[in-house]
Amino acid sequence: MSPLLSVENLTVDLQVSGTPRTVLRDVSFSVQEGQTVGLVGESGSGKSMTVRAVSRLLPDGARVSGRIRFADQEVLDLRGSALRRYRASDVAMIFQDPRAYTNPLRRIGDFLTESMVINDRVPRRRAERTAAGLLEEVGIPDPERRMRQYPHELSGGLLQRVMIAAAVAARPRLVLADEPTTALDVTTQAEVMRILIRMQREYGMAMMLITHDLDLAASVCDETIVLYAGEVVETQPTRSLHDDPLHPYTAALMQARPEIHQRAERLLAIPGSPTTAYEAPPGCSFAPRCRFAQDVCRTETPPIVPVGAGASRCLFAEELRGTLLDPLAPDAPEHLLPATAEVE
Amino acid sequence: MSAIATTSRATRRRPLRIWPTGLGAGGQVSLGVLVLVALMATVGPFLVAADPNAVDLSYAYEPPGRWFPLGTDASGRDLLARLVYGSRTALLGPLFVVLIATLLGTVLGLTAVWFGGWVDSLAVRFIDAVFAFPGILLAILAAALFGAGLTAAVLALSVAYLPYVARVVRSAALQERNLPYVAALRVQGLPGFAISARHILPNVAGLVVANATLCFGWALIDLAALSFIGFGVQPPTADWGAIVGGGLSGVLQGAPNEALFASALIVATVAAVNTLGDRLLTRSEATR
């Protein structure tokens, strides 16, 4: 079965005050119909840029190479009304901060019905009934009253539910959710996430979920893609990702998170700070922070290679497999030591 | 209980406010002055009995008195009547300039921002090119081509003022376009026209109104100047600028009333318009 979305060798350069800066390098992945794919990584790793490229919302002056295929369409070649149709009916997007992503001057009802009325030529009355039904589906009581209100009159959680309702209104085949619960109160995060997942299942949509929360990704995603410095460093079915990470970065991310049922004396932070794609050193971009790094890691750029059920962009993925999560594992396994150590 | 009361208040329609708030004392006084001037132009002519164009040379340069509340001009025409009738051309001219320039300038600014790229570059070139021509010069050229008169002057000034409006709208819309909510609308597949007209325009409307108010003041001065030098409103039609021009000889002959009163009206109106425009600008920036 051909995938719903396939991204191949996507590279994106942004113009920052005249100089091109690489934000994504050679990113490839695919999303099947109805599948949930998590995009995980630190800030600046290129998560948002990836979904923005898919929805064609990259900033002006961005240079994009590679391919993005959605069903039978070449997304990067879409222009004018074809691009509008693709955005209107194929993909939908849910953003991190719903308040910034709504026009403060327009009512909720207006926001929900505008696309139906303009793009699908639905009569206003019917669009309003549909919108009210959607609001009820996302658990907003008294939808008629809410539709007459302005965004500032709704709480963040309610507004994010409105955004979810707006996203599913057009029955898209793919929802791009960019940290949909990060800006919300902890108490409403779970509720909003539950609604999003329920709507996704009900409408049979595929979803790309951006998050930096590995536990969240583990609980809802079929497949997880880990990004570092604008590169995919690991992809794996989420089931096995937790017990068997394939890339030292993924392992480090998992160890850096506090365990709720275990009192930790100190958390294992990843040494150094995250790099962006344009600052990445030669060789493996994670090498400066990697406790397993060898000399060769600083000179040779690792390709992404299949390992087990997934893929990893690490020169020693096979050798390190199984030892990555062991805090007592020797930082440089003996058989990986430089050749001089072996000559005796 | 109180929660119910608050929510029901929130959903009720806001009452329509006629008199704007948040303008400060200066803004309120200016608005008052402008309302009076507007009343003078609309209902004033019905209240003044005298004919503004009735010439009677035996009453030339009468000082203000019982029969002529503000005196007469060199031809013995009633000054009060001339000033009241003159307010019509003096205010209607700039009003049309502002309407045309604001309408076209807003469309140009929004179009440039939405399409960006070469459309935007072209619009910016056009704006810069028109900026190079002083409005008065353009109006004199138009008068030379189409003959002196209010219509030619208004059209020429409209063109001259268009870039001011377009530039302000363009820069405001450019900021607005990069706001996240516009991205959310684009990803819903809405066409550029709908986003520009239904979302960006309402958000820059405050600035457009404030800018239009300031333009009104400049246009009033420019049109008065054109009438003063004889390229605008043609005699015998009354107009403030033309009255100042006609009153110059009176100033030399010791009868300065004509030029003085008309100038005072121009100054008062323009000062009020500028103050109001300034306050509107501050208010629209405060709410952005």
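This is a predicted model: local features need pLDDT of at least 70, side-chain atom pairs count only at pLDDT 80 or more; totals for chains, interfaces and linings use all residues.

Where is the place of A:Ala71 in chain A? I found A:Ala71 in the loop between β4 (63-70) and β5 (73-74) of chain A.

I looked up A:Ala71 for its backbone: its phi is positive, about 50°, and the residue is not a glycine. Next I checked its surroundings. A:Ala71 has 15 C-beta neighbours inside 10 Å, so I put it down as partly exposed.

I traced A:Ala229 to the loop between β9 (223-228) and β10 (231-237) of chain A. Buried or exposed, I wondered about A:Ala229? I got 26 C-beta neighbours inside 10 Å for A:Ala229, and the cut-off for buried is 20 or more, so A:Ala229 goes down as buried.

Then on to confidence in chain B. I noted a mean pLDDT of 84 for chain B, with 93% of its residues at 70 or more. Which helix of chain B has the lowest confidence? I have helix α1 (residues 2-11) of chain B there, at a mean of 44, while helix α4 (residues 79-115) of chain B is highest at 91. I also saw that pLDDT stays under 50 over residues 1-11 of chain B. For that stretch of chain B I get five contacts beyond four places in sequence.

Last entry, the overall scores: I wrote down ipTM 0.82 and pTM 0.79 for the model.

Key. Residues are numbered from 1 along each chain as its sequence is written. Chains are lettered from A and ligands numbered from 1 in the order in which they are written. Helices (H or I, at least four residues) and strands (E, at least two) are DSSP runs, numbered from the N terminus. A residue is buried if 20 or more other C-beta atoms lie within 10 Å of its own, exposed if 12 or fewer, and partly exposed in between; C-beta atoms are placed from the backbone. pLDDT is the predictor's confidence in each residue, from 0 to 100. Two residues are in contact if their C-beta atoms, placed from the backbone, lie within 7 Å.
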